[in-house]
Amino acid sequence: MPSLATTGLDVMPHSGAVITALAVVGLSHKQAYKPIFMLAVVTPILTNALAIVFAMTIY
């Protein structure tokens, strides 16, 4: 369970991977913040919540 607790909270806003990706595509943090936030933070948190609910229904 500890891995579920940290998923989605380690990428914003100054992760090395994020900075490298922004440099490669030529975007600023301001331009890419919302799409990266939705993809890397909101989606994993929602899917983890669904996984927890699903696991609770099994047991």
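In what order do the elements of the protein chain run from the N terminus on? They run α-α-α. The model described here is predicted. Its protein chain has three helices and zero strands.

**Burial and surface**

Of the 59 residues in the protein chain, 14% are buried. The chain exposes about 4600 Å², and 75% of this area is supplied by carbon and sulfur atoms.

A nonpolar patch on the surface is formed by Val24, Val25 and Leu27, which together have about 300 Å² of accessible area. Of these residues, Val25 is found in helix α2, which covers residues 16-25. Val25 has a relative accessible area of 56% and is therefore exposed, since the exposed class begins over 50%.

**The aromatic pair**

A pair of aromatic rings is described by the distance of the centres and the angle of the planes. The structure holds one such aromatic pair. The ring centres of Tyr33 and Phe37 are 6.2 Å apart and their planes lie at 10°, so the pair is stacked; planes under 30 degrees apart count as stacked. Both Tyr33 and Phe37 belong to helix α3, residues 29-58. They are four residues apart, which is about one turn of the helix. Tyr33 is partly exposed, and Phe37 is partly exposed as well.

The table lists relative accessible areas for residues discussed above.

| Residue | Relative accessible area | Class |
|---|---|---|
| Val25 | 56% | exposed |
| Tyr33 | 40% | partly exposed |
| Phe37 | 32% | partly exposed |

Terms used: Residues numbered from 1 in each chain as written. Predicted model: local features only at pLDDT ≥ 70, side-chain atom pairs only at ≥ 80, totals over all residues. Heavy atoms only, no water. Phe/Tyr/Trp six-rings, centres within 6.5 Å; stacked < 30°, edge-to-face > 60°. Helix = DSSP H or I, 4+ residues; strand = E, 2+ residues; numbered from the N terminus. Buried < 20%, exposed > 50% of the residue type's maximum accessible area, 1.4 Å probe, protein only. Areas by Shrake-Rupley, 256 points an atom, 1.4 Å probe, with all protein chains shown as cover. Patch = residues over 30% accessible without salt bridge, like charges linked within 9 Å, V, L, I, M, F, W, Y side chains within 5 Å. Salt bridge = Lys/Arg side-chain N within 4 Å of Asp/Glu carboxyl O.
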